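Reader: I would like to go through this model and ask, for each label, what value stands behind it. Please set the numbers against the cut-offs.

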Amino acid sequence: MIHQKLWNLSLSMTSAFGAKYDLEIMSTKQDFWENIKNNEVRLDSEIIFGVPESQGLERAIRKEEISQFLDRFGVSSHKTFKVKMEELLQGSELNALFDSIRGSLLVMPLQERAKLLKSTQQEQEKYIRYSVVAQYDKTLLSCGIRGFDIANGTSLCRLCAYLGYIDEEEMLIWLEQTASLAKTHFRSFKEYALSSTVGGVFWAGSGSDDAFLKNYYNCLQHPYSYWKHLTWDQCQ
C-alpha cells in the first residue's frame with residue numbers, strides 16, 4: 001500500500017514544478033527505504049504534499065511560490081482545480097498542439113520539413129516548438145507528450161492539497177486516475193520521464209531546455225529519487 005502511494009506521488013517529479021522539493025525531503029529521511037521494508041514508516045505531510053516543512057516567513061514564501069505556480073495553470077480554488085484536472089486527464093490543448101505539429105511534420109518530405117522550420121525562424125516560440133517536435137519525434141511513443149499532462153496533474157493534486165484547496169482523501173482519488181493513465185501509456189519510468197520532459201521543453205517554448213533536462217536526469221539517477229527505489233511494474 002505504501003509503495004503504491006509513493007509510486008502515485010512520484011509521478012509529479014517530472015512536472016513543470018520539478019523534483020527539487022522531493023529530493024530535498026528524501027535527503028533528510030534517514031533509513032526511509034529500509035524502514036519501509038520492515039513496515040516501520042508512515043508517510044508524513046512532507047512526503048505526501050512534496051513540500052518541506054517550514055515555519056514563519058519561509059513557509060509564507062513557499063506558499064506564495066506554490067500559489068504563483070498554480071496560477072500558471074489557472075488554479076486558485078477547488079472549483080478551478082477540478083476543471084484543470086479534467087482537462088489534463090482528457091488531454092490538454094498543449095498535448096493536442098504537439099500532436100497536430102507532429103502529424104503535419106510526419107507526412108512531409110525531409111526537404112519540405114526543413115523549409116517549414118526555416119520559415120518559422122522569425123516567430124521564436126513557433127520555431128522552437130516545431131524544432132522540439134522535429135528533434136524528439138522519433139524517440140517518443142505514439143502518445144507524445146502525454147506524460148507532461150500526467151505529471152502536472154499529479155503535481156497539482158499534491159500542491160492543492162498542501163494549500164487546502166482539496167483534502168488528502170480527494171487528492172488520493174485523483175492520484176489513482178493519473179497513475180492509471182500513466183500505466184496505460186508507458187512501460188517504464190524512463191519512457192514516462194522522456195515524454196513529460198519533452199512536454200516541459202515544448203511548454204516553455206523558450207529554447208532553453210537545461211532545467212528540464214537536469215530534472216530528467218535527477219529523477220532517473222539521483223540517489224534520493226523515488227525511482228531509484230521503485231520499479232515501474234511493482235504496483236500494477
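Author: In this predicted model, the protein chain comes to 13 helices and 0 strands. From the N terminus on, its elements run α-α-α-α-α-α-α-α-α-α-α-α-α.

Reader: What makes the protein chain as compact as a globular protein of that length?

Author: The radius of gyration is 18 Å, and the globule rule gives 18 Å for 236 residues. The two values are close, so the chain is called as compact as a globular protein of that length. Along the principal axes, the C-alpha atoms fill a box of roughly 60 × 35 × 30 Å.

Reader: What share of the residues counts as buried, and what supplies the exposed area?

Author: Of the 236 residues, 50% count as buried. The chain exposes about 11900 Å², with 49% of that supplied by carbon and sulfur atoms. As for charge, there are 26 positive and 30 negative side chains, and the centres of the two sets lie 5 Å apart.

Reader: How much of the contact set comes from residues 24 or more positions apart?

Author: Such pairs account for 80% of the contacts with a separation of 6 or more.

Reader: How do you know that the span of helix H9 is close to the expected one?

Author: Helix H9 covers residues 124-136, which is 13 residues. From its first C-alpha to its last it reaches 18 Å, and 18 Å is expected at 1.5 Å a residue.

Reader: Which residues of H9 are buried, and what do they pack against?

Author: The buried residues are Ile128, Arg129, Tyr130, Val132, Val133 and Tyr136. They pack against helix H7 (93-106), helix H8 (110-119), helix H12 (189-204) and helix H13 (210-221). On helices in general, there are 3.6 residues a turn, so residues three or four places apart point the same way.

Reader: Why is Phe98 called buried?

Author: Phe98 has a relative accessible area of 0%, and buried means under 20%, so the label applies. Phe98 has its place in helix H7. Leaving out residues up to four places away in sequence, Phe98 touches Val133, Leu140, Gly144, Ile145, Val198 and Phe202. One of these, Gly144, is 46 residues from Phe98 in sequence, with 7.5 Å between the C-alpha atoms.

Reader: What makes Asp31 exposed?

Author: At 54%, the relative accessible area of Asp31 passes the cut-off, because exposed means over 50%. Asp31 lies in the loop between helix H2 (20-26) and helix H3 (32-37). Its phi is near 60 degrees, a positive value in a residue other than glycine.

Reader: Why is Gln121 called partly exposed?

Author: Gln121 has 43% relative accessibility. Buried would need under 20% and exposed over 50%, so Gln121 falls in between and is called partly exposed. The place of Gln121 is in the loop between H8 and H9. Gln121 and Ser131 are 10 residues apart along the chain, and their C-alpha atoms are separated by 9.9 Å.

Reader: How do you know that His3 is partly exposed?

Author: The relative accessible area of His3 is 27%. That value lies between the 20% and 50% cut-offs, so His3 counts as partly exposed. His3 is placed in helix H1 (residues 2-10). The C-alpha atoms of His3 and Leu140 are 27 Å apart, and the two residues are 137 residues apart in sequence.

Definitions and conventions. Residues are numbered from 1 along each chain as its sequence is written. This is a predicted model: local features need pLDDT of at least 70, side-chain atom pairs count only at pLDDT 80 or more; totals for chains, interfaces and linings use all residues. Side-chain values use heavy atoms; hydrogens and water are left out. Helices (H or I, at least four residues) and strands (E, at least two) are DSSP runs, numbered from the N terminus. The radius of gyration is taken over C-alpha atoms; the globule rule is 2.2 Å times the number of residues to the power 0.38. Buried means under 20% relative accessible area, exposed over 50%, partly exposed in between (1.4 Å probe, protein chains only). Contact means heavy atoms within 4.5 Å. Accessible areas come from the Shrake-Rupley method with a 1.4 Å probe; for residues, only the protein chains shown count as cover. Lys and Arg count as positive and Asp and Glu as negative; His and the chain ends are not counted. The place of a charge is taken as NZ of Lys, CZ of Arg, CG of Asp or CD of Glu. The expected span of a helix is 1.5 Å times one less than its number of residues.
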